[in-house]
Amino acid sequence: MSLHENFGSGNSDANPDLKPNDMVMTPRHIAKQMIGFYADNHLAHPHDISPDATILDPCRGDGAFYNQYPDDRTRDWCEITEGRDFFDWPYKVDWIITNPPYSIFPQFLEKCFEVADNVALLIPLAKLVSSLKRINMVMDYGGIVSMRVIGASKCGFPFGFPAAAIHMKRGYDGNTLIEMWPDEEE
Ligand SMILES: C[S@@+](CC[C@H](N)C(=O)[O-])C[C@H]1O[C@@H](n2cnc3c(N)ncnc32)[C@H](O)[C@@H]1O
């Protein structure tokens, strides 16, 4: 079920100025494992995607995340190359789970915080922790529920820095789980 069927023009002639790293698609098995961590209910844990949650992929790409969101949750998507610019998305959602475009990461993160109560992003760790301004932005939003670290090459990223699935939650002031993405899941 889609959230807002009339969102976006669906104009496939859209010609965004994207950088090569903005177009790196996530391997499907990695997206599946990441979603599974939030969807395999650890009952009433802050990780959980609740049964009535709405989920948005703000930059669907080929759909590695969007197509694997739990079937029974309401979902929607944006994708600039298909004429749906996330910066025009006007609605609130419960979750965003995706791998975002890196060249515009700060603006993208800000927009994620505006529309979603849970933001789970697969990103190079440095994108978040190398800037005090960005760390403050996360703390103003809430906090980090979990950070699961993985080698960038394992996610198919064309660079060597460590990456992580980072789940940020509005108003969260609990503990942060930091762990390596378990080998058997890779
Ligand atoms: C790193 S790729 C990841 C794609 C997909 N989420 C995945 O994990 O496979 C980032 C995607 O963001 C899209 N994108 C960039 N700017 C966007 C915007 N303003 N609104 C929606 N999508 C955007 C790009 O076209 C690209 O498909």
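This is a predicted model: local features need pLDDT of at least 70, side-chain atom pairs count only at pLDDT 80 or more; totals for chains, interfaces and linings use all residues.
Student: Which residues of H1 are buried?
Tutor: Ile 30, Ala 31, Met 34, Ile 35, Phe 37, Tyr 38 and Ala 39. A residue is buried if 20 or more other C-beta atoms lie within 10 Å of its own, exposed if 12 or fewer, and partly exposed in between, with C-beta atoms placed from the backbone.

Student: And what covers the buried residues of H1?
Tutor: The cover includes strands E3 (93–98), E4 (116–124), E5 (142–151) and E6.

Student: OK, the sheet. What's the strand order?
Tutor: E2-E1-E3-E4-E6-E5-E7, an open sheet of seven strands with mixed pairing. Two strands pair if DSSP finds at least two bridges between them. E2 (74–77) and E7 (177–180) each have a single partner strand and stand at the edges, so one side of each has no neighbour in the sheet. On average, neighbouring strands are turned by 15° against each other, direction ignored.

Student: How does H1 sit on that sheet?
Tutor: H1 packs on it, touching E3, E4, E5 and E6, and its direction makes about 150° with that of E3. Residues are in contact if their C-beta atoms, placed from the backbone, lie within 7 Å. Axes are lines fitted to C-alpha atoms, for helices over the stretch in contact, and angles run from 0 to 180 degrees between N-to-C directions. Helix H2 (residues 105–115) lies across E3 and E4, at about 155° to E4.

Student: Do E5 and E6 run parallel or antiparallel?
Tutor: Antiparallel, joined by nine bridges. Gly 142 has Arg 170 of E6 as bridge partner, and Arg 148 stands opposite Ala 165 in E6. On the E7 side, E5 runs parallel, with four bridges, and there Arg 148 partners Glu 179.

Student: Why does Ala 165 count as buried?
Tutor: Because 24 C-beta neighbours lie inside 10 Å of Ala 165. Ala 165 is in strand E6 (residues 162–170). Leaving out residues up to four places away in sequence, Ala 165 touches Met 34, Ala 120, Leu 122 and Arg 148.

Student: What about strand E1 (residues 54–57): which residues are on each face?
Tutor: Thr 54 and Leu 56 are on one side, Ile 55 and Asp 57 on the other, and all are buried, so both faces are covered. E1 pairs with E2 in the parallel sense over four bridges, with Thr 54 opposite Thr 74. Two bridges join E1 to E3, also parallel, and Ile 55 partners Trp 95 there.

Student: Switching topic: which residues come nearest the ligand?
Tutor: Thr 26, Cys 59, Gly 61, Phe 86 and Asn 99, of 24 around it. Near here requires a C-beta atom, placed from the backbone, within 6 Å.

Terms used: Residues are numbered from 1 along each chain as its sequence is written. Two residues are in contact if their C-beta atoms, placed from the backbone, lie within 7 Å.
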